[in-house]
Amino acid sequence: MNQQKITRRDFINYILGGGLLAFLLSAVYPIFRYINPPEGAETAVSDVVAAKVGDMPPNSGKIFKFGDKPGLLINTSSGKLLAFDAVCTHLNCTVQFDPQSNFIWCPCHNGHFDLNGNVISGPPPRPLEKYALNIRGDDIVVSKS
Amino acid sequence: MYKKKIAVFIIVFILFFAVESGAETIDNCIICHKSQEGLLKEPADNIEHDVHFKRGLSCFDCHGGDQTKEDLIEAMDPAKGFIGKPKRNDIPHFCARCHADPAYMRRFNPNIQTDQFAKYNESQHGKLNAQGDQKVAVCISCHDVHGVRQKDDPLSPVFITNIPKRCASCHADKEYMKDYFLPTDQMEQYEQSVHGEALLKKGDRGAPACNSCHGSHDAALPRAISVGNVCAQCHSLTRDLFAKSPHKAAHDNLGIPECEACHGNHKIMRTSDDMLGTAGDGLCVKCHKVDSKGYSVAGSMRSAIETLKTGIKESQDVVANAENMGMDVSDAKFDLDNAKSSLIKSRTYVHSFSKDKVGEITKEGIGISDKAKEKGRKAVSEFNFRRKGFAVAIVIILFLACALYLKIRRMEKS
Amino acid sequence: MQNLPKKLYDWFDERYQITGFKDFFAKKTVPVHKHFVWYYFGGITLFFFCVQVVTGILLLFYYKPSAAEAFESVKFIMNKVEFGWLIRSVHSWSANLMIFSAFVHLFSNFFLKSYRRPRELTWITGAFLFFIALGLGFTGYLLPWNELSFFATKVGTQIAGSVPFVGHYLRTILRGGEEISDATLTRFFAFHVMILPLVAAAFLGIHLLMVQLQGMSEPLSVVKNPNKRPMKFFPNFLLRDLFVWLLLFAGLLTLSVMFPWELGKKADAFAPTPAGIKPEWYFLWMFETLKIIPSKILSFDGEVLGILGFGVAGMALVIIPFIDIWSRKEKRNPLFSIIGIFAIIFILFMTCMSYFGPQK
């Protein structure tokens, strides 16, 4: 049997086939990566996983990211979960939960808010916005109410 | 027949007038004064928006007299209790006849304070007034007269944003104050201060006016020992740190007012890091000598904060660069906000005067800022990855296009 | 496997007699002449349409069609989904390129008089496909729910409301209410993703079938003097088609990567209309014309006359094969070429005016 010489014609067919294969792979690769859902597969602005159930001991608070701004997640001593916009309505400092007094406190000018978000004392002019909470499996999901 | 009708008519006519005159108490004070001119007319004009008038009180309730009489002499009869215009020094007592009487004031507002007169008597204004001083403030100097508005009425001279101007109407007047040994630049200083800007320019009613620190009816200079407590009404955390620091004992012993020593009183400006430390405008060297412990702590705190600031600036530059390239950096920016919070916190904790505490906070801040920088770098490398991937894809496509072109040519040759 | 292609072919032929089809297609030719290049534009439009379908389906995996979530979902695609930025940018660029090539395909066929007998229906289905493409562009533009698209849609549906008699009804149907709202987004989504693609597929199927059955039209000048030997459609013209598509794909990628499509700000229904709101470039000429028309022409409302004018022009476009009776007899009437040139100049001029003229 003769050794088949690779003719010019076959050569072109080979590089055409190779090029086609490379092209198809480079087109299909992004598509496969695309349809694989990214982590935190929610449109993470309206709906945010603030923490996992069990992350929060009773009578504690935690700051989490909600869109561009900080949010405050509170687990009260009776085990109730609450979530607020953590931007103080006075001069935009980040508020925190004070477990000793059971209030929300702003360290900048001593503003105090109760657990409904209402201003108790100090310079803040408006209450804190309250967020809606839902438990989904293991996740504590916070969204705008 | 007619006589009866006329009789009925006359009786009704008389009754009408009798009823008419009894139906409302004619306030002749106001009627007469309204027909006057200038200073005599003013009270009648202003009384309409006076809080006393709105609650059903009128001229005679304070000044006495008989408002039913049209005749001047009969209306302003001292036998009917007419007092007229009280002497200036008697004005506080004049108002206190009601305002210091809790049983009386209950009728109008069960919650209103009734200790103003007592406080006034303890104040500088009150003490000078008792000595017969004719220039010192009395009730009407601040609250106006005849057109008194409540303090939560924005048109009231004692509405919080109006208070500085009202106090300054005497205290900033050099000519007026020349007999008293007080400065007259407080208002000018206050207007430039951070509190003045907040209250007067931004309308932030959480900011202090004169009475917030000096008291209103009991106005007096706060003594040095109480300055810290006054500031602590809002700046409680900072003051707590100060109180636990070695500075508290030192200030008490030396009789130096706490916050005022570094921050001033009326001209409290936005703080800057330059106030901290031993170089340039650093305030610490006012007391701490070179090579003292305080001197070295001041230097350490300043350099810790500067390190954090530099770190944040570097991260900001990296993140801004990534953002300009069109990449998403919202996570990194959130981290940067947290890093900036650490910076603010470290400046607050300067008042603990502990270099360890400040160092701990700046270290945490640097950690967060580094995270942001890393995210910014990742965004930039993602951008470069996209460009590289694009180049590779173009090369493949053009390679395939060439191969196709050659194929077509070859096909059509044969 | 020895000769797998043949084995597969035989399997299908045995069952479905595909040899007849195969021979038919093998014989299909494309005439070769100096206007040959225009033959590519149908395929180019089809290529971009296919890109739109693929990228559109991919976008559907993550897009959320509600006013509360649309913008955020597009932001999510751009920032968090792997290659999401690429898919979205390609989809936006390819839409514009498709409409541009549709314009070229329409005008080239107009001037070459491909609509003349026996290809009247090919032209008519094509005209409808053109309108569908514009509709896809208009409905798709709103879906990211950003500032530009919100107000451009507001202006566009407002114009629809100016049609006499049915205008208000038409506008309400388009908007799903009196104002642009969440309801508008839902029905625009329905149009963009289901209704218009299905209708387009149907018309496209007919359009392509007819082209295959009847072959390519030859311009009148060539019919009179046929010169070169026609080219075989399969594989020669097809490979050339693929070559062109490959180069265009490279161009599309370049645009998508180097000039990525912006997202802008989320739409705020209560914000005032930003200055200089314009529809997309392919509607600009109509928009500018309506702006320029005097408000009253002989006691009729100028804008209404303008809209009616466009309506009449659109209908005329569809039935051109029956208006140009000279073409039926294979005769040339320069009138139509002049009308065509005038239309192109008008469209170009109005588009330029919109960009460079006084901005009101």
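1. In chain A, 34% of the contacts between residues at least 6 apart in sequence join residues at least 24 apart, where two residues are in contact if their C-beta atoms, placed from the backbone, lie within 7 Å. This is a predicted model, in which local features need pLDDT of at least 70 and side-chain atom pairs count only at pLDDT 80 or more, while totals for chains, interfaces and linings use all residues. Residues are numbered from 1 along each chain as its sequence is written, and chains are lettered from A and ligands numbered from 1 in the order in which they are written.

2. Chain A has one helix and ten strands, with helices (H or I, at least four residues) and strands (E, at least two) taken as DSSP runs numbered from the N terminus.

3. The contact between chain A and chain B draws on 18 residues from chain A and 18 residues from chain B. On the side of chain A that touches chain B, helix H1 (residues 8-35) of chain A contributes the largest share, nine residues. That side of chain A consists of eight nonpolar, seven polar and three charged residues, where Ala, Val, Leu, Ile, Met, Phe, Trp, Tyr, Cys and Pro count as nonpolar, Asp, Glu, Lys and Arg as charged, and the others, Gly among them, as polar.

4. Chain A also meets chain C, with ten residues of chain A in contact with 15 residues of chain C. On the chain C side of this contact, helix H4 (70-79) and helix H5 (84-111) of chain C supply at least two residues each. The side of chain C that touches chain A comprises eight nonpolar, two polar and five charged residues.

5. Chain B contains 22 helices and zero strands. A compact globule of 414 residues would have a radius of gyration near 22 Å, but the value for chain B is 37 Å. The C-alpha trace of chain B spans about 140 × 80 × 40 Å along its principal axes, and 25% of the 414 residues of chain B count as buried. Of the contacts in chain B between residues at least 6 apart in sequence, 55% join residues at least 24 apart.

6. Within chain B, the axes of helix H21 (residues 330-349) and helix H22 cross at roughly 165° and come within 8 Å, the axes being lines fitted to C-alpha atoms over the stretch in contact, with angles from 0 to 180 degrees between N-to-C directions. H21(B) is therefore roughly antiparallel to H22(B) (under 35 degrees is roughly parallel, over 145 roughly antiparallel, 65 to 115 roughly perpendicular, and the rest oblique). The residues of H21(B) in this contact include B:Asp331, B:Leu336 and B:Tyr349, and those of H22(B) include B:Lys357, B:Ile361 and B:Gly376. By class, the contact of H21(B) with H22(B) has nine nonpolar, seven polar and seven charged residues.

7. Helix H22 (residues 355-413) of chain B also packs against helix H11 (residues 233-258) of chain C, at an angle of about 165° and with the axes 10 Å apart. H22(B) and H11(C) are therefore roughly antiparallel to each other. The contact of H22(B) with H11(C) is made up of 20 nonpolar, one polar and four charged residues.

8. Chain C has 16 helices and four strands. Its radius of gyration is 23 Å, close to the 21 Å that the globule rule gives for 360 residues, so chain C is as compact as a globular protein of that length. The C-alpha trace of chain C spans about 65 × 60 × 35 Å along its principal axes, and 31% of the 360 residues in chain C are buried. Among contacts in chain C between residues at least 6 apart in sequence, 78% join residues at least 24 apart.

9. One residue of chain C can be followed individually: C:Val90 lies in helix H5 of chain C, and C:Val90 counts as buried because it has 26 C-beta neighbours inside 10 Å. Apart from its neighbours within four places in sequence, C:Val90 is in contact with C:Val51, C:Thr55, C:Leu252 and C:Ser256. The C-alpha atoms of C:Val90 and C:Phe47 are separated by 13 Å, and these two residues are 43 residues apart along the chain.

Methods: Buried ≥ 20, exposed ≤ 12 C-beta atoms within 10 Å, placed from the backbone. Rg over C-alpha atoms; globule rule 2.2 N^0.38 Å.
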